[in-house]
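Dear colleague,

Here is the structure I said I would pass on. My notes on it follow below.

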Amino acid sequence: MFYFIKTRIRLTINFLYLSACLCCSTNSMSQQKVIQLYDGPEKGSETWNWPEGEVFVGNPMNAKVAYNVTKPSLEVYQPDSANGVSVILCPGGSFYVLNIEYEGSKVAKELNKKGITVFLFKYRLLRSFTNDPWKEMMEARKNPDSLLPKIMPLRNMAIADLDRAILFVRQHALEYKIDPKRIGVMGFSAGGVLAANLAYHYTSDTKPAFVAPIYSVITNINDRTVKADAPPLFIAAATDDQLAPVSNSVNLYSDWINAKKSAELHLYSKGGHGLRGTPASTWINRFTEWLSAQGFLNRK
């Protein structure tokens, strides 16, 4: 009897140990690698020392946002079977917050299903002084004349951060099993401003293979001359968007078409700022179909 009790205890301990190991392994696998883009403080934010945070917001995204980003970074989402294509993902949030879940991790996981390696990009943000950065952002939006002078210097920092991100991904392409000639950029709202700006103003080192500005704004982009070797665009927006008028997406598309460059535009009658609800929420399917039609998803 004593032997059977000892055996049962031993089996129970072994089972608990195995379960713990599997749990640790699963947690380890689910964690994404985070890359700091700068070794130290970058120009313009040398004295920024407030802590970065994340908080859940109920409306309208019903998801987590990041705020007080002072140290730009990339969070790597790797697919089970990489096809060589990568996307640098730029969430929006009026340069106050980053919709890090709704326009970040959720999108990254969907793209992973198509074999796409995703680098979720955190760029520098305006400082939030409370634990409710969403409320601060909404209050600031009520006075655009006061908000714009704050955003413009910050936007220039974020543009520099994106350039840095592209350089990093291209330089480490072999490490992440991606093709340095198939690195694209996707941005939403304020992140779409960064993506659209890059589509006009890249250099030979920072040129993306494709750009996807999603409900973006281009009114404050200086010099909208389309370059001779401009990358193809995928654009999506909703006609009833009250924050980013759909004319921005139409004008961006027109710039490319008038320059005889490749562009695809999807406009939904409803979906608002965030492309919520059917069929607007299916935009990501249209995006991966477009990538396939462009030849980017062909394994190399």
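Pro279 lies in the loop that links β11 (263–268) to α7 (283–294); helices (H or I, at least four residues) and strands (E, at least two) are DSSP runs, numbered from the N terminus. The Thr278 to Pro279 peptide bond is cis, its omega being near 5 degrees.

This is a predicted model, in which local features need pLDDT of at least 70 and side-chain atom pairs count only at pLDDT 80 or more, while totals for chains, interfaces and linings use all residues. Residues are numbered from 1 along each chain as its sequence is written, and side-chain values use heavy atoms, with hydrogens and water left out.

Two non-glycine residues have positive phi. Asn62, in the loop between β2 (53–57) and β3 (63–67), has a phi of about 55 degrees. Ser94, in the loop between β5 (86–90) and β6 (97–98), has a phi near 60 degrees. Asn62 is partly exposed at 47% relative accessibility, whereas Ser94 is buried at 14% (buried is under 20% relative accessible area, exposed over 50%, partly exposed in between; 1.4 Å probe, protein chains only).

Regards
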